[in-house]
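Reader: I am new to this structure and would like a short tour. Could we take it one question at a time?

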Amino acid sequence: MEFIKSLRLFASYIKNIVKSWYFPVAIILYAAVLFISTYGDYKVSETAGAEYFIHYAFMNGSTSYFLPVICALASATVFCREWISGYFVFTCSRIGKFGYIAAIQGSAALSAFIVSALGTLIYFGIICIKFPIISTDPNLINGIIQGYTYGGLIGEGKIMLYYALTIILQGAFSALLSSAAVVVSMFIVNPYLTIVSPMVLYIVVSNAMSVLSLPRMLNPYYVFSNFKYVNIAFGDTGENTFNLIAGLYPFTYAIAFIILASIFMYLIISKKYERREV
């Protein structure tokens with residue numbers, strides 16, 4: 001019974017997020033940031049294809065900083081209003097803490113995934129108006145094949161699968177950061193600060209891991225933006241083929257993070273229940 005209630009709450013959150021004017025604005029902004037990030041190459045890359053622009057749009061450092069903010073735009077405002085109003089107290093008592101956290105984390109992750117996917121598709125459509133699906137310059141193609149987790153799919157002739165997995169990968173990254181924003185919203189109920197929090201966390205965590213020389217496989221920058229280290233870690237042979245384990249790793253990383261964030265939320269809410277703060 002609680003599972004059904006949790007699903008209904010999840011559907012209600014998705015409905016509220018999609019109905020918010022922030023949702024279409026976020027999608028348009030996402031596509032605009034991708035377009036602007038590669039605008040300088042449009043006039044000089046006559047032999048480049050759509051795969052070249054999409055790849056370097058996501059590898060652009062400034063792009064990876066702004067996109068998390070955009071993905072949290074739609075959901076953060078909804079959840080901050082709930083924390084401020086105190087309505088979540090009633091919800092937790094009605095469907096249980098686990099069901100509540102599953103609904104809120106699931107809806108935040110899914111909404112961010114949708115924003116990312118639709119924004120990327122809009123960008124892809126704009127690029128394809130002027131440029132071909134695949135580059136005509138073999139050097140550009142080889143650069144992506146050798147430096148990107150899913151580049152091997154191009155070498156195998158599976159170009160549409162390459163595009164699909166690239167869009168899904170960035171959606172998973174967006175879901176991860178939106179999940180982080182939900183956790184932050186428990187402590188900072190200002191919606192604007194909550195929206196910015198994924199970008200701040202991403203910059204701080206990525207740089208701290210680099211300074212501390214922690215394994216690059218744990219650093220979100222290398223997992224989702226600088227892909228070649230994922231290939232190397234999983235035994236890249238340089239044969240221009242797709243490594244399935246390397247391809248699945250970013251998704252495993254994102255799912256593990258969302259689970260850990262949900263556990264952290266559960267512990268915090270449980271602690272507040274013990275102190276009768278909710």
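Reader: In which helix is the place of Ser116?

Author: Happy to start there! This is a predicted model, where local features need pLDDT of at least 70, side-chain atom pairs count only at pLDDT 80 or more, and totals for chains, interfaces and linings use all residues. Residues are numbered from 1 along each chain as its sequence is written, and side-chain values use heavy atoms, with hydrogens and water left out. Helices are DSSP runs of H or I with at least four residues, numbered from the N terminus. Ser116 sits in residues 97-130, helix H6.

Reader: Does Ser116 count as buried or exposed?

Author: Buried means under 20% relative accessible area and exposed over 50%, with partly exposed in between (1.4 Å probe, protein chains only). Because the relative accessibility of Ser116 is 0%, Ser116 counts as buried.

Reader: Which backbone oxygen does the side chain of Ser116 reach?

Author: Contact means heavy atoms within 4.5 Å. Leaving aside residues up to four places away in sequence, Ser116 touches Tyr30, Cys71, Gln170, Gly171 and Ser174. At 3.5 Å, its side chain reaches the backbone oxygen of Gln170.

Reader: How far apart in space are Ser116 and Ile70?

Author: In sequence, 46 residues separate Ser116 and Ile70. From C-alpha to C-alpha, their distance in space is 8.8 Å.

Definitions and conventions
Helices (H or I, at least four residues) and strands (E, at least two) are DSSP runs, numbered from the N terminus. A polar contact is a pair of N or O atoms within 3.5 Å; within protein, one must be able to donate a hydrogen and the other to accept it, and residues adjacent in sequence count only if both atoms are side-chain atoms.
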